[in-house]
Amino acid sequence: MFERFTRGARAAVKGAVAQAERAGAGSVTEEHLLLALLEQEGGRTSFAVTALGLHDRRASLDAAFAEARRRGGLTRADTDALADIGIDIGAIVSRVEGAHGEGALAAGRTGRRWWSGHRPFTPGAKTVLENSLRVALGRGDRFIGEEHLLLALTAKPGVVADVLAEHGATYATVQRALYGSDADGGQGHAKAG
């Protein structure tokens with residue numbers, strides 16, 4: 001599959017590994033993929049990210065991801081569903097942090113190193129890479145570009161898609177920012193899932 005990745009998509013994957021290294025994470029997550037895409041310049045994805053205002057709200061994105069990590073990786077939908085049955089995640093997080101320190105529930109910050117020096121991709125990050133192929137095929141593209149990675153991130157349910165949606169970057173808005181009036185590529189509404 002990686003032979004279909006454009007230079008920009010490969011740079012995004014390498015950038016995600018670098019993001020994980022800088023964060024001291026033991027593995028590469030969907031969040032690292034998004035952060036790497038946000039750092040890229042001079043491509044269709046960079047234009048879309050700027051048009052959607054994500055560059056200007058980078059601090060807000062970082063804060064939203066930090067809050068999600070603090071909740072142990074639960075999405076807002078998970079938190080709301082638990083609240084509906086009487087479970088207050090905020091109270092649980094406060095009690096755990098009171099007993100074990102701030103950030104005790106933060107996932108993926110173990111600092112565990114693999115003997116090879118390589119960081120593995122989480123199952124979620126692997127799914128995003130696989131779904132980027134589906135997005136590309138759905139558009140009729142013979143390559144996988146960073147734009148397909150961004151669309152796959154918005155399509156995979158979870159914290160990254162939730163945070164992007166909170167910032168106005170849904171699958172549909174990203175697709176419009178990337179492709180304008182040709183948002184479906186003439187192929188129907190293909191969506192990775």
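User: Which residue does the side chain of arginine 44 meet in a salt bridge?

Analyst: A salt bridge here is a side-chain nitrogen of Lys or Arg within 4 Å of a carboxyl oxygen of Asp or Glu. Arginine 44 lies in helix α3 (residues 44-51), and its partner lies in helix α8, so the pair ties together parts that are 103 residues apart in sequence. With 3.9 Å from N to O, the partner is glutamate 147.

User: What kind of model is this, and how are residues numbered?

Analyst: Numbering runs from 1 along each chain as its sequence is written, and side-chain values use heavy atoms, with hydrogens and water left out. Local features need pLDDT of at least 70, side-chain atom pairs count only at pLDDT 80 or more, and totals for chains, interfaces and linings use all residues, as the model is predicted.

User: Is glutamate 147 buried or exposed?

Analyst: Buried means under 20% relative accessible area, exposed over 50%, and partly exposed in between (1.4 Å probe, protein chains only). Arginine 44, at 42%, counts as partly exposed. Glutamate 147 has a relative accessible area of 7%, so this residue is buried.

User: How far apart are the closest N and O atoms of glutamate 30 and lysine 156?

Analyst: Both glutamate 30 and lysine 156 are buried. The two residues form a salt bridge, and their closest N and O atoms are apart by 3.1 Å.

User: Which helix holds both aspartate 62 and arginine 58?

Analyst: Helices are DSSP runs (H or I, at least four residues), and strands are E runs of at least two, numbered from the N terminus. The side chains of aspartate 62 and arginine 58 meet in a salt bridge at 3.3 Å, N to O. They sit 4 residues apart, about one turn of the helix, in α4.
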